[in-house]
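Good morning, and thank you for coming. Please look at the sequence and the model on the screen while I speak.

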Amino acid sequence: MVEGLQAEADALFRPSGQKQKINEAVGRLKQRRAELKEAQLPGQEWVRHDQALREAVQAKAGVEAELAAAQRSLSRLQRIQEALPVIAGRRET
């Protein structure tokens, strides 16, 4: 019975650093933590990225407003252009 428990303990953890289940899991955990740390932005860099995003969104809204105004103006000018022959015809009669 003691030998069975000892064998089970050896299968899970071996202090000498040999690859056992617990050691492998700890190694994977350390690797994931390192990957997470590498993927995260430092605080100041996050603030810069956030500010740049806000500015880009604001600039986009401005461009969209300009585009809408230009489209309205174009539509108005096209209506005038279409109406000119009719207006000219009325003046001739």
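This is a predicted model: local features need pLDDT of at least 70, side-chain atom pairs count only at pLDDT 80 or more; totals for chains, interfaces and linings use all residues.

I80 is located in helix α3; helices here are DSSP runs of H or I with at least four residues, strands are runs of E with at least two, and both are numbered from the N terminus. With a relative accessible area of 39%, I80 is partly exposed. On this scale, buried means under 20% relative accessible area, exposed means over 50%, and partly exposed lies in between, with a 1.4 Å probe and protein chains only.

I80 also belongs to a nonpolar surface patch of about 350 Å², which it makes together with L77, L84 and I87. Patches consist of residues with over 30% relative accessible area and no salt bridge; like charges are joined within 9 Å, and nonpolar side chains (Val, Leu, Ile, Met, Phe, Trp, Tyr) within 5 Å. The areas come from the Shrake-Rupley method with a 1.4 Å probe, and for residues only the protein chains shown count as cover.

Residues are numbered from 1 along each chain as its sequence is written, and side-chain values use heavy atoms, leaving out hydrogens and water.

The pLDDT is the predictor's confidence in each residue, from 0 to 100. The protein chain averages 85, and 86% of the residues score at least 70.

The overall picture is brief. The protein chain has three helices and zero strands, in the order α-α-α from the N terminus. Of its 93 residues, 2% count as buried. Its accessible surface is about 8700 Å², and carbon and sulfur atoms account for 58% of that.

I turn now to the charged side chains. How many salt bridges does the structure hold? There are three, a salt bridge being a side-chain nitrogen of Lys or Arg within 4 Å of a carboxyl oxygen of Asp or Glu.

In helix α2, residues 21-39, E35 and R32 are three residues apart, about one helical turn. They form a salt bridge, with the closest N and O atoms 3.8 Å apart. E35 is partly exposed at 38%, whereas R32 is exposed at 51%.

The next pair, D50 and R54, lies four residues apart in helix α3, residues 43-92, again about one helical turn. Their closest N and O atoms are 3.0 Å apart. D50 is partly exposed at 24%, and R54 is exposed at 53%.

Finally, K60 and E64 form a salt bridge at 2.9 Å, N to O. Both lie in helix α3, four residues apart, and E64 is partly exposed at 43%.
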